[in-house]
Amino acid sequence: MLPAASLLLEWYDRHRRTLPWREATRDPYRIWLSEVMLQQTTVAAVGPRWRRFLVRFPDVETLAAAPWDAVAEEWAGLGYYARARNLHACAQAVVARGGFPDTEDELRALPGIGAYTAAAVAAIAFGRPTVPLDGNVERVTARLGAIEAPLPGARPALAALARRWMEQDAARARPSDFVQALFDLGATICTPRSPACALCPWRSDCEGFRTGLAPSLPRKAAKKARPLKRGVHFLLLDGTGRLLLRRRPPTGLLGGMLELPGTPWRETPWTDAEIPPFAPLPGLDWRALDGEAKHGFTHFELHMALRVATAPPGANLRDGEWMTLAAARAALPGTMQKLLDLAESEGAMG
DNA sequence: AAGCCGGGGTT
DNA sequence: AACCCAGGCTT
């Protein structure tokens, strides 16, 4: 039996989460921004960053006209920096075409908007009867239908089930609420572990609950082990409280973001003899700090050593820019913040 | 289809 | 420590 959309909507009207981007507005700019920030990022982490972003870039025209450095600084710490590059490009495309498109297909063609975000913006901002398949909806559909095939292969079957739910009159009358009700059900009741089935408005129609399979669904392909990589970075001070940073290449890992200069990252440990050519000013007396900064990326673990020196006045540097510690703290991704943490804990910041 | 791409909260 | 998160892009 198909679970009744009306039951879920009644539950949603009583128990929905209060979230910043739900404040009555259907401004597609704000909805789009929230959806991009929420890609693989928790609601708790996005809330304050979404508000702060809108203070600095209150509308799509402002964002489109901003320089990359400003967007990068505003995104620093949020991770998945390709999102920020695509966000910037998307804003410029939207302004060029005179506003956001209101169909799923047109949204899908914009930079940084994939199948999920296109459906989410179409449903939430424009009331289109489509269901975005995010982690929540994958979990809810897999459990309601007791679909045991593993992800990502099971995705088409899960999407087909969600589509049938949205075909109900009650859902088509309120697509935006129905979609967000599925999110909230997955986030607060149908949770990854220990789902609160006793509180679920769809319990009586849930095949996963009936069979006892719900907590073990959805099944997923096994993940690969993450290798350990190492690097050596350089903290060059100028004696007046500034430090040297450089900008990473525009694509790839931490693309377009600032960093402390350093060696490449590799699995083979670095020997002392290999390191000097990578220093921003090779002739100096670099002091190696004890300890390492450790950071986990999606597909490898990184251990970074740090060497510190002070540049003589008027030193001739190949690349990079001097920045105050406060400016560096505001603009560096989390990975690099950990190197500054290490330096400060060792009293090496002067 | 598989790999690349951050950071933080939960369990 | 493992898992997960309102995923998208590239190959």
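Reader: Which residues come nearest to DNA strand B?

Author: This is a predicted model, in which local features need pLDDT of at least 70, side-chain atom pairs count only at pLDDT 80 or more, and totals for chains, interfaces and linings use all residues. Residues are numbered from 1 along each chain as its sequence is written, and chains are lettered from A and ligands numbered from 1 in the order in which they are written. A residue is near a strand if its C-beta atom, placed from the backbone, lies within 6 Å of it. Of the 22 residues around DNA strand B, the nearest are G79, T298, P333, G334 and T335.

Reader: Which elements give two or more residues to the surface near DNA strand B?

Author: Elements here are DSSP runs numbered from the N terminus: helices (H or I, at least four residues) and strands (E, at least two). Two or more residues of this surface come from each of α3 (43-56) and α15 (334-345).

Reader: What domains does the assignment give for chain A, and how many residues does each put into the contact?

Author: The bounds come from an automatic or database domain assignment, which gives domain 1 (5-216) and domain 2 (228-345). Residues are in contact if their C-beta atoms, placed from the backbone, lie within 7 Å. The contact takes nine residues from domain 2 and eight from domain 1.

Reader: Which element gives the largest share of the side of domain 1 that touches domain 2?

Author: Both α5 (68-75) and α6 (82-97) give two or more residues to that side. The largest share, three residues, belongs to α5.

How values were computed. Contact = placed C-beta atoms within 7 Å.
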